[in-house]
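Please examine the sequence and the model before reading the solutions.

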Amino acid sequence: MKPVVVAGAGISGLALAFELRRLAVPVVVLEGEGRAGGKIESDHRDGYLCERGPASFLDRSGDLAALARALGIEDRWLTAGDAAERRLVAAAGRLHDAPATAPAFAASALLPWLAKLRAGLDLVLPRGPSAAGMEESVAAFGRRRLGSLAGERLLEPLVSGLYAGEPEEVSLPSAFPLVAAMERERRSFLLAMRAEFAKARRKTAPRLASFRDGLDELTSALATHLGDDLHLDSRVRRIEMDGVDFHVVVEERGQRGTLAARAIVLALPAHVATSLVGSLDENLAGTLARIPYVPVALVHLGYPASALARPRDAYGFFVPPSEPLHVLGGIFPSQFFAGRAPVGFHLFSVRTGGARHSEALAMPDDELAALADRELRGLVGLAAGPSFVHIVRHEQALPQYTLGHMGRLAEIEAGERRHAGLFFHGNAYHNAGVPELVSRSWKLAERVAGFVKMS
Ligand SMILES: Cc1cc2nc3c(=O)[nH]c(=O)nc-3n(C[C@H](O)[C@H](O)[C@H](O)COP(=O)(O)OP(=O)(O)OC[C@H]3O[C@@H](n4cnc5c(N)ncnc54)[C@H](O)[C@@H]3O)c2cc1C
């Protein structure tokens, strides 16, 4: 039987290939780089563990834990400490706790009274377009339900923190389907959030997690499991179709060759998929090209414990776009995960760039480090400069589910139907979170296996 070709060995392609093998479908994974993992990569330097991409995940469905068990790495699982439950928001140059209960909301200095009263109107406001499955920006949703200031300080920071995006452009139902579902099912956003926070406080609630030596323990284990079915340094250059089979033109260590496949899954960034399907279907390529990406720079900063006057026992902080800062947010990995910094030091990972500050990517390392240190110190209250700096730049870090994304997804699905056996997978379409990509891989594997077995 001709194999299924999976192009791209990020978590999406790897988890999909794992499941296809479990379903007894022959599979070949082609990865353009010399390593598997894509955005997931853990750097160990000077006793620090710096994640080049994701630093943690929340495995709501349990699929990621099941995958870790199947790979035999469940003992490497690392659950975050209690500090990870506390989120901070920057406002007027200070960090405030993001309120998680009604009394905390009432007492919070994050919002003035008038803004709190306006946000309270959410309790009686009717449902809006997001609840009806229509597109609306995150900023518009926040204004409508909570008012301008509360929307800006409570909701918009999530867009810069998670997607490095622009709240006026990012589509709420596409980027935050759970929030759209909350309005659909419970009408009031605040009541729905109260229920979510109560659920999260239960002992059995899923907790933020990673692996002891970093998230790439997961992708390394997947790569090892795939063995010879994973081809590194094998870049897909073109896809052709003869009516039944696909012919995948691959450049493997400088040599061009063609591989026949019954089905092909493009688990690649949308801008790469665009160039690969251009010869098959110009319209489809055009749709894929309209999924924009933003750049992100991560600045990992290590400080001696003596520089931090009082402990910052929190996950990290989010920055509303209205704050006059260049950093989009930051996390405090050594506050909630063991083994992220040498004893006697703290690690802070600050994110900049994104839709608003893409110019930051062009800054020389010393200027970028100085900017991140200055803004972090102002917020966190550090008394000295960093003794460790590690900078990571991603020119096309994160896809943006901007207004019109739902229409683009419908066109891409129509494209899949026009070219039976061609599938699109990865973070460009539905959700960028690592556990969600694993869950989608399970579902897609069943579709692909069903297609292969029927044809
Ligand atoms: C800075 C940053 C922080 C993040 N933080 C978090 C977090 O804390 N928690 C979380 O859950 N998620 C986080 N994410 C999101 C998450 O990391 C990504 O959504 C996810 O890793 C993407 O996986 P993927 O397999 O879909 O794509 P990718 O990881 O981009 O993989 C695509 C693969 O395709 C390969 N490729 C490209 N072109 C070709 C070609 N022509 N032929 C063959 N191979 C090719 C690439 O080399 C790559 O290996 C973060 C992302 C970034 C960038």
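**Exercise 1.** Determine which residues Gly329 touches, not counting residues up to four places away in sequence, and state whether Gly329 is buried or exposed.

*Solution.* Step 1: contact requires that the C-beta atoms of two residues, placed from the backbone, lie within 7 Å. Under this criterion Gly329 touches Ser160, Gly161, Gly316, Phe317, Phe318, Val319 and Arg351, residues up to four places away in sequence being left out.
Step 1: a residue is buried if 20 or more other C-beta atoms lie within 10 Å of its own, exposed if 12 or fewer, and partly exposed in between, with C-beta atoms placed from the backbone. Gly329 is buried because 25 other C-beta atoms lie within 10 Å.
Step 2: Gly329 belongs to strand E17 (residues 327-331); helices (H or I, at least four residues) and strands (E, at least two) are DSSP runs, numbered from the N terminus.
Step 3: from Gly329 to Ser279 the C-alpha to C-alpha distance is 41 Å, at a separation of 50 residues in sequence.

The model is predicted: local features need pLDDT of at least 70, side-chain atom pairs count only at pLDDT 80 or more, and totals for chains, interfaces and linings use all residues. Residue numbers start from 1 along each chain as its sequence is written.

**Exercise 2.** Compare the length of helix H14 with its expected span, and list its buried residues.

*Solution.* Step 1: H14 (residues 365-380) has 16 residues. The expected span of a helix is 1.5 Å times one less than its number of residues.
Step 1: from the first C-alpha of H14 to its last, the helix reaches 22 Å, close to the expected 22 Å.
Step 2: the buried residues of H14 are Leu368, Ala369, Leu371, Ala372, Asp373, Glu375, Leu376, Leu379 and Val380.

**Exercise 3.** Describe the domains and the contact between domain 1 and domain 2.

*Solution.* Step 1: the domain bounds come from an automatic or database domain assignment, which gives domain 1 (4-38 + 215-291 + 402-454), domain 2 (112-201) and domain 3 (293-399).
Step 1: the C-alpha centres of domain 1 and domain 2 are 33 Å apart.
Step 2: four residues of domain 1 are in contact with seven residues of domain 2. On the domain 1 side there are two nonpolar, two polar and no charged residues. Here Ala, Val, Leu, Ile, Met, Phe, Trp, Tyr, Cys and Pro count as nonpolar, Asp, Glu, Lys and Arg as charged, and the others, Gly among them, as polar.
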